[in-house]
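Work through the two exercises below with the sequence and the model at hand. Each solution goes step by step.

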Amino acid sequence: MSAVFITFSGNCRKALTFYQGCFGGTLRLETFGEALDGYPETPVISGSLVSDRVVIHGSDLVHNEGRTLGNYISIFLHCTDASDRKALIEKLEINGGSSADASDQKLVEITDPFGVRWVLGV
């Protein structure tokens with residue numbers, strides 16, 4: 001099974017917990033022992049969500065050049081059918097994700113509340 005790694009820069013715990021609500025699975029977080037300047041919470045060094053559908057690794061630690069959101073990468077998930085995709089879209093849209101039309105299109109793109117782009121296929 002393939003996996004993705006996402007740098008969240010301060011909200012990794014919140015994001016991976018959100019994705020656990022969407023996909024289920026087991027969440028593991030490794031954090032610093034104390035708070036760090038510039039982070040509202042104790043930063044996540046490494047986190048992972050392992051579900052039947054997707055494996056997501058993440059961290060609050062950002063490369064020296066910083067985190068830049070872009071449209072050059074998306075996470076693709078194959079959905080079993082249109083109703084499976086519709087249910088997933090509803091979960092990913094909670095708390096500010098962008099709206100998606102789940103009509104008869106083969107691929108639907110959605111951006112979740114953390115700025116991560118998903119391509120959902122049937």
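Two strands pair if DSSP finds at least two bridges between them; helices (H or I, at least four residues) and strands (E, at least two) are DSSP runs, numbered from the N terminus. The model is predicted, so local features need pLDDT of at least 70 and side-chain atom pairs pLDDT 80 or more, while totals for chains, interfaces and linings use all residues. Residues are numbered from 1 along each chain as its sequence is written, and side-chain values use heavy atoms, without hydrogens and water.

**Exercise 1.** Give the strand order of the open sheet of three strands, and state which strands stand at the edges.

*Solution.*
- Step 1: The order is β5-β7-β6, with mixed pairing.
- Step 2: β5 (75-78) and β6 (107-111) each have a single partner strand, so one side of each lacks a neighbour in the sheet.
- Step 3: β6 pairs with β7 (residues 117-121) in the antiparallel sense, over five bridges. Thr111 has Arg117 in β7 as its bridge partner.

**Exercise 2.** Find the salt bridges (a side-chain nitrogen of Lys or Arg within 4 Å of a carboxyl oxygen of Asp or Glu). Classify their residues as buried (under 20% relative accessible area), exposed (over 50%) or partly exposed (in between), using a 1.4 Å probe and protein chains only.

*Solution.*
- Step 1: The rule gives two salt bridges.
- Step 2: Asp84 and Arg53 form one at 2.5 Å, N to O. Asp84 is in helix α2 (residues 82-93) and Arg53 in the loop between β3 (44-50) and β4 (55-59), so the pair ties together parts 31 residues apart in sequence.
- Step 3: Asp84 is buried at 18%; Arg53 is partly exposed at 28%.
- Step 4: Arg117 and Glu109 form a salt bridge, with their closest N and O atoms 2.5 Å apart. Arg117 is partly exposed at 25%, and Glu109 is partly exposed at 42%.
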